[in-house]
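Welcome! Here is a short tour of some side-chain contacts and surroundings, meant to be read with the structure open beside it.

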Amino acid sequence: MASFSIISKLLLILLTTSIATALPDNKPVSGQINSNSVLVALLDSHYTELAELVEKALLLQTLEEAVGRHNITIFAPRNDALERDLDPLFKSFLLEPRNLKSLQTLLMFHILPRRVSSPQWPSLSRHHHRTLSNNHVHLTVVDAPTLRLKVDSAEIVRPDDVIRPDGIIHGIERLLIPRSVQEDFNRRRSLRSISAVLPEGAPEVDPRTNRLKKPPPPVPAGAPPVLPIYSAMSPGPSLAPAPAPGPGGPRHHFNGEAQVKDFIHTLLHYGGYNEMADILVNLTSLATEMGRLVSEGYVLTVLAPNDEAMAKLTTDQLSEPGAPEQIVYYHIIPEYQTEESMYNAVRRFGKVKYDSLRFPHKVVAQEADGSVKFGHGEGSAYLFDPDIYTDGRISVQGIDGVLFPVEEPPATEIKPASPVVKKVAKSRRGKLMEVACKMMGSRFTSCQ
């Protein structure tokens, strides 16, 4: 239906121009077309999808003037290329009214202001021709395995399909997209993704006041996460806030995985901590989880036992399922501590209990011999190599022993006490009552 409306418009223009030329006082118009024009042939051919785009782009008058001045060449994509092969998002972008200039540039990119038939196609080298959009297309010939004509990267599937005195139409396999239109489309698509609104949950009502709960204030960039670290640990989906901004990763976020790999390499280069590094490398899920926690804004302090301490582990201590993970979890403190900060803490408070990722067990630290001692009794370990790795997010402190949580004794059952039998004491008579009873006898009920 759209092609018939375009034909009617062109016939009306043709009628008015022919009448104007018939009048003696009027001069011929340079932009006039006749029924044998290549534009009429385009509208009446099997390139109807392209003809509809020409009408929506408001290019009829521009093309009429181009036909009046030049002998043109049109590279027309087949209907299938515009109906099924074209990206729907790109097609909707072209049809938006605010993108009219991009649509006009795209269509004028398919028209040369000169006539180039297939016998005139350059055969020796790559020739470029300026289009009506002031861009250039390259005409090439591919002779293997068969002779094929190409314009840019699109193959000519119908060479010399429509030939008219004022122009020629070649059928091509797909749409030609100039770089400026592609960049405009990419820019609009990226702006759309940036301006997307994140979904918000339904408002909550405070049961005490029957009023809407106020949302929490926004977390400033670089602030510690709102939720505790245990909410972000596996298993289960992460409940941690958005990644904290920082210099190490894309979009200026901390790259936790890179930092974990960095401190493992530091352990290997430092020497004496190969066993701990091997455990972290082999326990891929543990290293990945540590990297994710750091990316989400959490900080960690790793108490790394040296090789001599790891060699003292028995088979029984490592044979239970998940034992290596539990051992490493107990050596990770969800705080950022250095040798100086821990020593100052134990000097001031005498004994400090640090949380560990092996919830709810805590690591006890105290001062001993001018250093920091972790644990109790024979299972204790000293801070042996301080500040092996410190980057503001992960701190690695070398210790000379493997720590194990102290098993708390089972709570003793408290037997319920035997019921107490209350003895009711007999009421005592006063001296005056006893004398009265002796004198009056036992006639009164109170004397019985």
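Glutamate 296 and arginine 292 join their side chains in a salt bridge, with 3.5 Å from N to O. Keep in mind that this is a predicted model. Glutamate 296 counts as buried because its relative accessibility is 11%, under the 20% cut-off. Arginine 292, at 25% relative accessibility, counts as partly exposed.

## Helix α11 and its surroundings

Helix α11 covers residues 284-295, which makes 12 residues. From its first C-alpha to its last, the helix reaches 16 Å, close to the 16 Å expected at 1.5 Å a residue. Just after α11 comes glycine 297, which takes a positive phi of about 105°.

Which residues of α11 are buried? They are Leu286, Ala287, Glu289, Met290, Gly291, Leu293, Val294 and Ser295. These buried residues pack against several other elements: the helices α9, α10 (274-282) and α14 (323-330), together with the strands β10 (300-305), β11 (332-333) and β16 (394-399).

## Salt bridges around aspartate 80

Across the model, the count comes to 10 salt bridges. Some of them link Arg78, Asp80, Arg84 and Asp85 in a network. Within this group, arginine 78 forms a salt bridge with aspartate 80, and the closest N and O atoms are 3.8 Å apart. Aspartate 80 also meets the side chain of arginine 84 in a salt bridge, at 3.3 Å from N to O.

How exposed are these side chains to the surroundings? Arginine 78 is partly exposed, with a relative accessible area of 32%. Aspartate 80 is partly exposed too, at 31%. Arginine 84 has a relative accessible area of 60%, so this residue counts as exposed, the cut-off being over 50%.

## Aromatic pairs

A search of the whole structure turns up 6 aromatic pairs.

Are the two partners buried or exposed? Phenylalanine 263 is buried, with a relative accessible area of 0%. Tyrosine 389 counts as buried as well, at 9% relative accessibility. Elsewhere, ring pairs link Phe90, Phe93 and Phe185 into a cluster.

Now for the surface. Val219, Val226 and Leu227 make a nonpolar surface patch of about 250 Å². Where is valine 226 placed? This residue lies in the loop between β9 (211-212) and α9. Valine 226 has a relative accessible area of 60%, so it counts as exposed.

Conventions. Residues numbered from 1 in each chain as written. Predicted model: local features only at pLDDT ≥ 70, side-chain atom pairs only at ≥ 80, totals over all residues. Heavy atoms only, no water. Phe/Tyr/Trp six-rings, centres within 6.5 Å; stacked < 30°, edge-to-face > 60°. Buried < 20%, exposed > 50% of the residue type's maximum accessible area, 1.4 Å probe, protein only. Helix = DSSP H or I, 4+ residues; strand = E, 2+ residues; numbered from the N terminus. Expected span 1.5 Å × (residues − 1). Contact = heavy atoms within 4.5 Å. Patch = residues over 30% accessible without salt bridge, like charges linked within 9 Å, V, L, I, M, F, W, Y side chains within 5 Å. Areas by Shrake-Rupley, 256 points an atom, 1.4 Å probe, with all protein chains shown as cover. Salt bridge = Lys/Arg side-chain N within 4 Å of Asp/Glu carboxyl O.
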